[in-house]
Amino acid sequence: MFEAAHKILPPVDYVSMIRSLYADRLSMLLGAFGSALAALVASLEAESTLLAVIAGLFVVVGVLRYLDMRAFDKVDLADDDVQMAQWWEKRATIGAAIIALLYGIWCMVSFWIVDDAFAELTAACVSVSVLVGPAQRNFAIDRLMTTQVLLIAGPLVLGLLLVGNIYYALLTLLLLPFFISLRTIAGNSRKILLHAVHGRLNAAALANQLDAALDTLEHGLLMIDRHGIIEVVNARALDAFDRRDPDSWLDRPFSTLCSELVRTGHMSQDAYKQLSRLIEGSSTGKMLLISAPGRYYEVTVSSRDDKAVLLLENISDRIVTEERISYMARYDALTELPNRAYFVEQVAEALEERRSGQMSGHAALLVIDLDDFKHVNDTMGHMAGDQLLVAMGKRLREALGPDAICARLGGDEFVAFYPGATSFEDSQDHAQRLLRSTGAGFDLPGRHVDVSISIGAVTSSETDLDLEDLMIKADLALYEAKSGGKGRVVFFHDRMDTEYQQRQQLKADLRRAIDERQLRLVYQPVIDPRQNRIVGCEALARWTHPTRGNISPAEFIPIAEETGMITDLTHLVLSMATRDCLAWPDDISVAVNISARDFRAGQVEKMVIDILKDSGLPPGRLEIEVTETAVIEEQEAASAALRILRARGVGIALDDFGTGYSSLSYLRSMPFTKLKIDRSFLTDIETDPKAMRLLANVAQLGQDLSLKTIVEGVETEAQLARILEQTGADLVQGFLYGSPLSNEAMSLLLASYRPGHAVAEPHRLVAKH
């Protein structure tokens, strides 16, 4: 079985071998003519016409093969065109077979027919010499070479046998190993060729793989020998320094490349020295290399066998990301001012400088708060609120200058710290300048917003200062600034510290009072003025402090709101009020106020339902009062909770209507059953017709919405008369009917009623059934 050359050789080598078959046409032609001459001489010597014919055939076949080779030269044979090469292999095999058969016939005729020693010797010598050529030239084409050997050797051996001479026959035994050895030699040559080809292919594949690895490697790579000469370099290594053509840097000193990079600014002199130390020391290490602004590379140097390998990893994105993360961790994303944590870090460094004597003067801390910022969010939207905060951050930097450490603490609160103002007056100037800078308001995209700011400030010339202590004092000053009218600057003074300590103690006392149920309830009756009878009572919390006496609700309720104790207070009032009401006549209800913070904490509906269950009071005898502010601040939570309670039968009253951000949408969307008109609507109703009409219209609004209306703050008989004459208000509440009563007094009042009892004066309370 012949080994097909096109299957065992790569396409390029196979095509190359086919080209070699047609390469030396002149030598082939001369060989054919030489064989023809030898046959002609033998024919003359042996006087054989048959040998002369063979000589002529040599010429004809040689010319035909020469023309075939010329035809091959005109063919555009591609290096990988195996199919075309096979076609030309067949043509070459046919030509070689014909000429080989002619040699074999020449030998057979010379030994068997001519029987001339010279002719025999000539034919045998020429034919055997011809066999050696194909064995060496055509060894890669097994089919062609084997065909030539068989077609020459077969007739030659046959001719020797046909002579009939035993010695000639014995000669074939010597020729057969020679013929076999020729094919063996060709086979061995073919194996050597294939081994070389495969080795070359493996080397080429390995080289291609190495090239591909270097080209596709995400990192730059440089390999340097012990003499500092660059042996391997890929494009990415040079891209780091805006260099091209890695091949041009091969076999060049690495120091030359570095010197050029230092000269062009792509590598600092210090980086070059550090890199050289790592390479010359044959050590392993890493270093950061900045090749250009914003371009960072981590260079890893590894040494082995007198060679150094440099791996350059582009970490620019990672550095940028880390810097961004660091920035986000230290700066407020909205205003781009330092955040609280970074502010504390900066101020701590400044205070440490003051302690070490590097800085002197007055330290000043300013806490700035936007007045009524929530109103901006509620009326203009949170986007406008964000724009206002950004504008405030910019205004802060512009007004206070570069010496101030400015930050946003969170929400609408900002802070500024001067580590070394020249004097207290200097600190005052800074604060006043900031206050004036906001006096003209803020121009936001598409709108103008007039918002004032309140500033709480503290200054100190001491060197050993504590930021937390300064913040507490500035906050106290800010609290006074806001409570005293807003839009102003207040500097901390010692009285505030005393008040602060008292307030902190009051918070602790209130906590204890709630936990130990030391608060008591009083009840202000709600009157039906037309029937002159009590229909319900509003529960009001009162606190008698062990040492300070009676604490006004206006003082302790805000504290409860501020500290989050309001929910516990609400729970206590609900629990006490429902139990008290249970002992009253069945047609008397009790009202309890719910704070916005209660809704924020959640579970209002659960708290009310659980207390009703514990007390046994029917839900219809309980009324929940909420203010407009609570509804607006916690609209979703309030709406969900109130709807659940209303479905259970609990009454819902909108308290202090007209004092907040009144909106008819709340009246329509919330499950209210009563509308309590604020006492401010009663001002001048006895003398001012407009005030009277306004009150009447508000009462009519409640009736139009199918809500019972209660007028709060009725204090004179004249007010009551006007209400009865000109409004359709259903109920009234106020000091005209007396001050709020304790549970015991209210219970006695309700129990003392006798059917048919007449009422002489409005302020004498009567419960009429």
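How many of the 769 residues of the protein count as buried, as a percentage? The share is 46%, where buried means under 20% relative accessible area, exposed over 50%, and partly exposed in between, with a 1.4 Å probe and protein chains only.

## Basis of the model

This is a predicted model, in which local features need pLDDT of at least 70, side-chain atom pairs count only at pLDDT 80 or more, and totals for chains, interfaces and linings use all residues. Residues are numbered from 1 along each chain as its sequence is written, and side-chain values use heavy atoms, with hydrogens and water left out.

## The whole protein

The protein has 28 helices and 22 strands. Both are DSSP runs numbered from the N terminus: helices are H or I with at least four residues, strands are E with at least two. The accessible surface comes to about 38,200 Å². Carbon and sulfur atoms hold 55% of that surface. Accessible areas come from the Shrake-Rupley method with a 1.4 Å probe; for residues, only the protein chains shown count as cover.

Contact means heavy atoms within 4.5 Å. Take the contacts with a separation of 6 or more: 64% of them are between residues 24 or more positions apart.

## A five-stranded sheet

An open sheet is formed by 5 strands in the order β2-β1-β5-β4-β3, with antiparallel pairing. Two strands pair if DSSP finds at least two bridges between them. The edges belong to β2 (230–233) and β3. Each has a single partner strand, so one side of each is left without a neighbour in the sheet. On average, neighbouring strands of this sheet are turned by 20 degrees against each other, direction ignored.

Now the pairs. Strand β1 (residues 220–224) joins β2 through 3 bridges, in the antiparallel sense. Here Met223 stands opposite Val232 in β2. Helix α12 (residues 316–330) packs on the sheet and touches β4 and β5. The direction of α12 makes about 125 degrees with that of β4. Axes are lines fitted to C-alpha atoms, for helices over the stretch in contact, and angles run from 0 to 180 degrees between N-to-C directions.

## Two hairpins

Strands β3 (residues 285–292) and β4 (residues 295–304) run antiparallel, joined by 7 bridges. Gly285 has Val301 as its bridge partner in β4. The two strands form a hairpin with 2 residues between them. Gly294 sits in the turn, with a positive phi of about 85 degrees.

β4 also pairs with strand β5 (residues 307–314), antiparallel, over 8 bridges. Arg304 stands opposite Lys307 in β5. This hairpin, too, has 2 residues between its strands. Asp305 in the turn has a positive phi of about 55 degrees.

## Helices α14 and α15

How do two packed helices get described? By the angle between their axes and the distance between the axes. For α14 (residues 373–380) and α15 (residues 382–400), the axes come within 6 Å and cross at roughly 140 degrees. The two helices are therefore oblique to each other. Angles under 35 degrees count as roughly parallel, over 145 as roughly antiparallel, 65 to 115 as roughly perpendicular and the rest as oblique.

From α14, the contact uses Phe373, Val376, Asn377 and Met380. From α15 come His382, Ala384, Gly385, Leu388 and Leu389.

## Asp412

Asp412 lies in the loop between β7 (405–410) and β8 (413–421). Asp412 counts as buried, at 18% relative accessibility. Leaving out residues up to four places away in sequence, Asp412 touches Ile368, Asp369, Leu370, Phe373 and Leu389.
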